[in-house]
Amino acid sequence: MKYKECLDYLNRTAKFAKKTSLDNIKYLLECLGSPQHDLCLVHVAGTNGKGSVCAFLESMLLEKGKTTGVFSSPHILSINERIRLNRENISQQDFENVFTKVYTVVQKALKEGFVHPSFFEFLFLMAMVSFQEKQPDVCIIETGMGGRYDVTNLIMPKLCILTTISLDHMEFLGTTLKEIALHKAGIIKEEVPVLCTRQKKEVFDVIKQEATKKGAPLIEVSEDNLNFHEKDGKYIDFLSVNAYDRRRVWGAFQKENLSLALEAEKILDGPISAFDIRSALEKVVLPGRMEEIAPSVFADVAHNIQGIEAFCETVKKQFPGKKRILFAASHKNEEETMRQMLERIPGVEKIYHIQISGRNVDIEQFQDAFDQMMMYKEDDTACFVAGSFYLVGTAKQYISQEEVEKC
């Protein structure tokens with residue numbers, strides 16, 4: 001199939017195929033030659049910070065001359081973002097190639113009575129095939145939802161990483177932190193080292209119990225691991241200028257994510273020098289994580305309560321002036337709480353709230369709200385697009401189109 005046909009098929013899949021059993025996907029993997037067995041894998045689960053940890057670790061490994069593969073979700077602009085090789089999104093030609101291999105196996109399995117994989121499961125299979133073909137030194141795999149029953153839990157990693165765990169997807173994972181932690185901690189494997197950031201006691205107790213049961217060495221990591229000095233005696237700077245002379249804002253919470261990545265890199269490939277760390281950080285790209293998408297306009301995929309808490313804290317500390325926020329939430333049960341949290345940020349002039357239906361953002365409603373936010377904006381006013389991945393993707397596309405039309 002050609003690239004557009006592949007996308008059309010996957011989009012149709014999202015409408016009819018639901019999450020299937022691990023046994024179902026295990027069979028499909030076997031039909032594909034069990035590609036996951038040929039790879040050095042790192043498994044990352046948690047509520048927030050997974051994408052950042054993956055990007056930090058990817059950059060550290062590349063800086064030391066390793067090759068990398070990353071499977072992550074969701075995407076912001078292009079589905080190709082979900083499968084990366086050496087920091088580059090999978091090419092359209094390679095996408096077509098691995099799609100065709102998975103599609104052929106799926107069609108054969110359907111005739112044998114097996115179930116069609118979900119959208120996410122299909123892409124996971126594609127990632128495993130792609131990584132087997134390219135054979136990167138290290139493949140970093142981010143869970144989709146939960147962990148214990150997530151399709152990514154069919155891999156056998158060299159290392160497991162747990163980012164911060166909070167209330168998340170409660171309609172599927174449970175209504176308490178303990179229930180959700182049980183799902184996330186399900187990625188812990190027999191005797192495989194596991195790193196976790198500082199957690200609430202009830203969460204850490206679940207992780208510790210699971211690690212003990214599996215005989216897995218458990219290392220708790222915090223930003224204290226960042227207490228190293230460069231030759232000039234300066235700490236890593238989390239507010240820097242990138243190659244395009246635009247401000248890069250990394251919230252304080254990113255120190256926890258960086259500390260996880262640093263410890264993971266050390267386990268996988270030995271210590272990394274302060275010089276290489278700084279060089280790696282300069283190359284890190286975190287789309288939708290306090291990303292400046294236009295002058296003084298920042299986008300952040302703070303799509304749950306914990307994400308909004310971190311977003312609010314970063315905005316309070318780093319933007320003392322006037323602020324305007326365009327907001328939309330994917331999870332309706334958290335929407336009102338998140339909006340109230342945003343309203344309490346000092347200096348907020350206006351919150352522009354729009355609705356999202358499924359994965360769809362009403363473009364006209366978005367354009368009207370975005371244009372209002374930008375209207376009569378003063379030089380010291382910072383504007384933010386915060387909430388759903390789909391909202392941030394819409395904002396980036398809209399700004400890109402505006403830039404094209406100005407040329």
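**Entry 1: the cores**

I started with the largest nonpolar core, which has 38 residues. The residues with the most contacts inside this core are F71, F95, M126, M128, F131 and I141. I then looked up which elements supply at least two residues each: helix 1 (3-16), helix 2 (22-31), strand 3 (83-85), helix 4 (92-111), helix 5 (119-134) and strand 5 (138-142). Helix 5 gives the largest share, eleven residues. I also found a second, separate core of 27 residues, with V138, L159, A280 and L286 among them. I note here that the model is predicted.

**Entry 2: F95**

I asked which residues F95 is in contact with, leaving aside its neighbours within four places in sequence. I listed Y3, C6, L7, L10, I79, N80, I90, L123 and M126.

I traced an open sheet of eight strands with mixed pairing, in the order 4-3-2-5-1-6-7-8. Strand 4 (88-89) and strand 8 (218-221) stand at the edges. Each has a single partner strand, so one side of each is left without a neighbour in the sheet.

Next I checked what packs on the sheet, and found helix 9 (residues 254-269). Helix 9 touches strand 1, strand 5, strand 6 (159-162), strand 7 (194-197) and strand 8. The direction of helix 9 makes about 165° with that of strand 7.

I then took the pairing of strand 1 (residues 41-45) with strand 5, which is parallel over four bridges. For H43, I found the bridge partner I141 in strand 5.

**Entry 3: strand 2**

In what sense does strand 2 pair with strand 5, and in what sense with strand 3? I found that strand 2 and strand 5 pair in the parallel sense over four bridges, while strand 2 and strand 3 pair in the antiparallel sense over three bridges. V70 has a bridge partner in each of these strands: I140 in strand 5 and R84 in strand 3.

I also looked at the faces of strand 2 (residues 68-71). In a regular strand the side chains alternate between the two faces of the sheet.

**Entry 4: E58**

Is E58 buried or exposed? I found E58 in helix 3 (residues 50-63). Its relative accessible area is 3%, which counts as buried because the cut-off is under 20%. Leaving aside neighbours within four places in sequence, E58 is in contact with T68, V70, R84, R87 and I140. Of these, R84 and I140 are the bridge partners of V70 that I noted above.

Notes. Residues numbered from 1 in each chain as written. Predicted model: local features only at pLDDT ≥ 70, side-chain atom pairs only at ≥ 80, totals over all residues. Heavy atoms only, no water. Core = buried A, V, L, I, M, F, W, Y, C linked by side-chain atoms within 4.5 Å. Buried < 20%, exposed > 50% of the residue type's maximum accessible area, 1.4 Å probe, protein only. Contact = heavy atoms within 4.5 Å. Pairing = 2+ DSSP bridges. Axes fitted to C-alpha atoms, helices over the stretch in contact; angles between N-to-C directions.
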